[in-house]
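Reader: Please walk me through this model, and spell out the cut-offs as you go.

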Amino acid sequence: MKVFDLQCAHEHVFEGWFASEDDFQRQLAQRLLTCPVCGEAEVRKLPSAARLNLGASEPPRRAAPSQKPVDRSEVQGLWMAAVRHLMANTEDVGTRFAEEARRIHHGDAPERGIRGQANAEESQALRDEGIEVLQLPLPDFAKETLQ
C-alpha cells in the first residue's frame with residue numbers, strides 16, 4: 001500500500017492511498033483523483049521524506065515557537081468535519097429556503113436546521129426580518145456523500 005501526500009491546483013493538501021505507484025499513475029492519467037475540498041481534478045504528488053526506523057531513540061527537542069503556524073491540512077480537515085456535520089444535521093429544502101426559514105421563524109413549521117439556496121436579496125430580506133442566515137457556499141461534490 002502506498003500513501004501519498006497530494007495537492008490540487010488550489011494548494012489544498014490531502015492524502016491518497018494506492019495499491020502501487022502504477023495504480024496512482026493510472027488514476028491520475030484517467031483524472032479519477034479529485035481534491036476533497038474543492039473538487040479540482042488537477043492533482044500532483046508532493047515530495048515526501050523517506051521513513052527510517054532506527055530504533056527507539058528519542059527525537060531531538062525543539063524550542064517551542066512563540067506562535068503556532070497555521071497548518072493548512074488541519075484547517076482543511078476542520079472544514080470537512082464542519083461540512084459533514086452540517087450535511088448530517090440539517091434538512092435540504094432546496095430553493096424553498098427563504099419560505100421555509102420564515103415558516104420556522106413564525107412557528108408555522110417545526111424548528112429544525114435547514115439548508116438550501118437563497119439569492120442575495122432573499123438572504124438580506126430574511127436578515128431584515130430578524131431571521132439569522134449563514135451563507136456557506138458548498139461545491140456540488142460536497143452535497144453528495146463525503147468520504
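Reader: Which residues make the nonpolar surface patch of about 390 Å²?
Author: Happy to start there: this is a predicted model, in which local features need pLDDT of at least 70, side-chain atom pairs count only at pLDDT 80 or more, and totals for chains, interfaces and linings use all residues. Residues are numbered from 1 along each chain as its sequence is written, and side-chain values use heavy atoms, with hydrogens and water left out. A patch takes residues with over 30% relative accessible area and no salt bridge, joining like charges within 9 Å and nonpolar side chains (Val, Leu, Ile, Met, Phe, Trp, Tyr) within 5 Å. The residues that make the patch are Met-1, Val-3 and Trp-17.

Reader: Is Trp-17 buried or exposed?
Author: Trp-17 sits in strand β2, residues 13–18; strands (E, at least two residues) and helices (H or I, at least four) are DSSP runs numbered from the N terminus. Accessible areas come from the Shrake-Rupley method with a 1.4 Å probe, and for residues only the protein chains shown count as cover. Under 20% relative accessible area means buried, over 50% exposed, and in between partly exposed (1.4 Å probe, protein chains only). Because the relative accessibility of Trp-17 is 56%, Trp-17 counts as exposed.

Reader: What pattern does the protein follow, read along the sequence?
Author: The secondary structure comes to four helices and five strands. Taken in sequence order, they give β-β-α-β-α-β-α-β-α.

Reader: Of the 147 residues, what percentage count as buried?
Author: For the surface as a whole, the accessible area is about 11,100 Å², and 51% of that belongs to carbon and sulfur atoms. Among the 147 residues, the share that count as buried is 27%.

Reader: How are α3 and α4 oriented to each other, roughly parallel or roughly antiparallel?
Author: Two packed helices are described by the angle between their axes and the distance between the axes. Here the axes of α3 (residues 97–105) and α4 (residues 120–128) come within 10 Å and cross at roughly 10°; axes are lines fitted to C-alpha atoms, for helices over the stretch in contact, and angles run from 0 to 180 degrees between N-to-C directions. Angles under 35 degrees count as roughly parallel, over 145 as roughly antiparallel, 65 to 115 as roughly perpendicular and the rest as oblique. The two helices, α3 and α4, are therefore roughly parallel.

Reader: Which residues does Ala-98 touch, not counting residues up to four places away in sequence?
Author: Ala-98 is part of helix α3 and is buried because its relative accessibility is 6%. Phe-97, Ala-98, Ala-101 and Arg-102 in α3 meet Glu-122, Ala-125 and Leu-126 in α4, where contact means heavy atoms within 4.5 Å. With those sequence neighbours set aside, Ala-98 touches Glu-122 and Leu-126.

Reader: How many salt bridges does the structure hold?
Author: Side chains of opposite charge can pair when their charged atoms come close. A salt bridge here is a side-chain nitrogen of Lys or Arg within 4 Å of a carboxyl oxygen of Asp or Glu. By that rule, the number of salt bridges is seven.

Reader: How far apart are the closest N and O atoms of Lys-45 and Glu-21?
Author: Lys-45 lies in strand β3 (residues 43–45) and Glu-21 in helix α1 (residues 21–29), so this pair, 24 residues apart, links distant parts of the chain. Lys-45 is partly exposed at 31% relative accessible area, and Glu-21 is partly exposed at 27%. The closest N and O atoms in their salt bridge are separated by 2.9 Å.

Reader: Is Asp-23, which forms a salt bridge with Arg-26, buried or exposed?
Author: The closest N and O atoms of this pair are 2.7 Å apart. Because Arg-26 and Asp-23 are three residues apart in helix α1, about one helical turn separates them. Arg-26 counts as partly exposed at 41% relative accessibility. With a relative accessible area of 15%, Asp-23 is buried.

Reader: Which residues do salt bridges that share partners join into one network?
Author: Glu-100 forms a salt bridge with Arg-103, with the closest N and O atoms 2.9 Å apart. Glu-100 is buried, with a relative accessible area of 2%, whereas Arg-103 is partly exposed at 34% relative accessibility. Through shared partners, the network joins Glu-91, Arg-96, Glu-100, Arg-103 and Arg-112.

Reader: What separates the C-alpha atoms of Trp-79 and Val-37?
Author: Trp-79 is in helix α2, residues 72–88, and counts as partly exposed because its relative accessibility is 26%. Trp-79 and Val-37 are 42 residues apart along the chain, and their C-alpha atoms are separated by 8.3 Å.
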